[in-house]
Amino acid sequence: MEIYLPIAELSANALILLVLGGGVGLLSGMFGVGGGFLMTPLLIFLGVTPSVAVGTGTNLIIASSVSGTMAHWRRGNVDFLIGALISCGGAGGAWLGAFLFKLLSDAGQIDLVISLSYVLFLGVVGCLMAVESVRATVRRQRTARRKAHHHIWIHGLPLKLRFRRSRLYVSAIPAFVLGFLMGIIASIMGVGGGFFMVPAMIYLIGMPTAVVVGTSLLGIIVISSVSCFAHAINNNNVDIILGLLLAVGAVIGAQYGTRLGGRIRAEHLRGLLALMVLAVGGRLAYSLVVMPDDPFAVAPLWGN
Amino acid sequence: MRRVLQLLGMVFAVGVAAVPAAAQEHDEPLLIALSTQRIEIDSNFAGTSILLFGATDMAGDVVVSVRGPEEPVVVRRKLRSVGVWVNQEAIAFRNVPGYYFVAASSPLEDIAPEEFLNREQLGSKRLLLEAIWFDTSGDADEFRAALHRHRESDLLYKSEPGVVEFIDERLFRTTIDLPAHVPTGEYLVEGMLLVDGEVLSTRTSGLTIEKAGFSADISTFARTDEALYGVIAIALALVAGWLGSFAFRKG
């Protein structure tokens with residue numbers, strides 16, 4: 001069924017979009033990641049402009065993070081106070097990010113910034129995961145001893161609050177700042193940012209692993225909603241039709257992905273994910289380095 | 001006058017509704033009419049052709065031009081920097097037509113002197129592309145050439161003028177091709193009758209190209225009522241996510 005995507009301004013087969021969403025959902029369910037960092041580059045490879053890929057990505061992430069948050073909420077794995085702090089910071093960051101996006105877009109540099117951010121993030125995350133996966137596979141038997149609590153400067157910050165669910169008494173500032181940074185990244189890259197937020201919450205704030213995923217997902221709902229709204233207002237790059245078709249596929253795919261993921265050994269899963277992340281990053285890096293067919297590009301001049 | 005009636009007869013015979021209001025002015029020696037004055041672009045639009053008919057009351061050369069809506073355009077050039085191709089130079093041009101077509105009954109250069117063709121901007125190469133800001137030390141003509149190249153590859157400009165074909169001594173016609181990515185908006189169609197390089201008569205007609213259908217409604221909505229569109233986009237995504245988790249709750 002051919003369908004015209006009004007904002008992306010191209011025709012696509014609705015079934016293919018559902019399957020594409022399902023595929024990314026399956027992977028995100030399997031690996032426990034949001035999938036935005038796969039979906040946005042995939043859309044760019046398919047010919048959607050980087051701007052519309054990012055704007056629509058924020059829309060898609062709302063849907064997938066809602067279903068994820070509900071699942072964690074039912075198990076009581078959400079710290080609402082930390083979630084609220086991340087959301088407040090994140091809302092500001094997402095708004096600022098969408099505004100920076102517009103400035104870069106007017107300057108003709110947004111495509112480059114999106115690609116470079118992806119190459120950087122996917123490269124770093126992919127390498128870290130690959131190294132970690134190989135290490136874990138090599139010495140699976142050994143159990144590393146880790147300090148239960150180690151003090152760093154962050155724990156000396158003021159504005160301390162008691163977080164019941166996380167059993168913490170720490171400053172409110174790191175969660176807020178983390179949310180703010182996540183918001184900027186989410187708006188510029190069209191990702192939820194779980195792959196960045198989860199380790200930061202564990203190592204910087206010291207949250208227990210069990211509540212980290214549910215809490216970060218709650219933050220991502222708010223961040224991606226604000227980001228989606230800011231993009232719709234400033235950049236007109238949110239395609240409802242494209243977003244919904246991908247979201248329906250992704251939500252269904254994620255459910256099956258979760259079940260499939262349980263059957264594969266964790267370090268192998270991470271190794272596979274690392275390969276995928278590096279492949280997507282490598283493909284984007286290639287398109288930046290290779291000589292373009294035509295160095296000239298024509299665009300309407302906005303804000304004349 | 002007989003020619004005019006003959007033309008109108010022909011126009012109606014091919015099932016054409018649009019007749020320019022100017023047809024009522026009988027004393028003009030030139031008359032033009034389009035096979036349609038309104039084109040709706042729906043999701044299946046893959047380009048179309050329209051016919052331009054006309055009649056003259058005297059022997060001469062006919063030049064027809066079609067200009068799409070104008071807007072400022074920026075042309076950027078990528079240069080290699082630290083191994084990466086980056087947009088580094090740019091020139092913005094004022095009032096660039098989104099579509100341009102010209103057709104003539106003889107080669108333009110034989111009809112009128114170069115000075116006249118330049119003044120009237122007849123022929124895509126003679127379009128006045130005035131640079132309004134520079135961010136380059138390079139040659140503006142390179143950027144102009146790139147703009148032409150892009151518009152030609154999108155079939156929005158043609159490097160060579162089309163042909164105005166005389167059916168008999170007084171009746172003429174030409175075909176205007178509108179490609180899939182033709183910009184929406186108001187078009188200006190102009191016909192000129194020249195005898196010995198002098199303009200004897202000029203006629204204009206409008207052409208409206210607009211989007212239609214469900215997709216067009218969404219795209220218009222997204223641009224006119226951005227805040228509400230954003231809220232609806234969020235609400236739909238929230239509902240989709242919630243329904244998804246609800247449907248799989250038992251699984």
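This is a predicted model: local features need pLDDT of at least 70, side-chain atom pairs count only at pLDDT 80 or more; totals for chains, interfaces and linings use all residues.
Local features are given at pLDDT of at least 70 and side-chain atom pairs at pLDDT 80 or more, whereas totals for chains, interfaces and linings use all residues. Residues are numbered from 1 along each chain as its sequence is written, chains are lettered from A in the order in which they are written, and side-chain values use heavy atoms, without hydrogens and water.

**View 1. Chain B as a whole.**
Chain B contains six helices and 13 strands; helices (H or I, at least four residues) and strands (E, at least two) are DSSP runs numbered from the N terminus. Of the 251 residues in chain B, 45% are buried, a term for under 20% relative accessible area, with exposed meaning over 50% and partly exposed the range in between (1.4 Å probe, protein chains only). Among contacts between residues at least 6 apart in sequence, 70% join residues at least 24 apart; contact means heavy atoms within 4.5 Å. Chain B exposes about 12400 Å², and carbon and sulfur atoms supply 53% of this area, computed by the Shrake-Rupley method with a 1.4 Å probe; for residues, only the protein chains shown count as cover.

**View 2. The six-stranded sheet of chain B.**
An open sheet of mixed pairing runs in the order β2-β13-β12-β4-β7-β9 in chain B. Its edge strands, β2 (38-41) and β9 (162-163) of chain B, each pair on one side only. Two strands count as paired if DSSP finds at least two bridges between them. Strands β4 (residues 61-67) and β7 (residues 100-104) of chain B are antiparallel, with five bridges. B:Arg67 has B:Tyr100 in β7(B) as its bridge partner.

**View 3. Surroundings of B:Ser201.**
B:Ser201 belongs to strand β13 (residues 198-211) of chain B. B:Ser201 is classed as buried because its relative accessibility is 2%. Its side chain makes a polar contact of 2.4 Å with the side chain of B:Glu28. A polar contact is a pair of N or O atoms within 3.5 Å; within protein, one must be able to donate a hydrogen and the other to accept it, and residues adjacent in sequence count only if both atoms are side-chain atoms. Beyond neighbours within four places in sequence, the residues in contact with B:Ser201 are B:Glu28, B:Pro29, B:Leu30, B:Gly191, B:Met192 and B:Leu193.

**View 4. The interface of chains A and B.**
Chain B contributes 51 residues to the contact and chain A contributes 49 residues. The area buried between the two chains is about 4300 Å², 66% of it from carbon and sulfur atoms; this is the accessible area (1.4 Å probe) that two parts lose on being put together, summed over both. In chain B, the residues that lose the most area to chain A are B:Arg76, B:Trp85 and B:Phe248, together 16% of what that side buries.

**View 5. Polar pairs across the interface.**
Between chain B and chain A, 18 residue pairs are in polar contact, both residues being at pLDDT 80 or more. On the side of chain B that touches chain A, α6(B) gives the largest share, 16 residues. Two salt bridges cross the interface, each requiring a side-chain nitrogen of Lys or Arg within 4 Å of a carboxyl oxygen of Asp or Glu. A:Asp294 and B:Arg149 form a salt bridge, their closest N and O atoms being 3.2 Å apart.

**View 6. Surroundings of A:Leu38.**
A:Leu38 is located in helix α2 (residues 36-45) of chain A. With 6% relative accessibility, A:Leu38 is counted as buried. Apart from residues up to four places away in sequence, A:Leu38 touches A:Val24, A:Leu27, A:Met276 and A:Val280.
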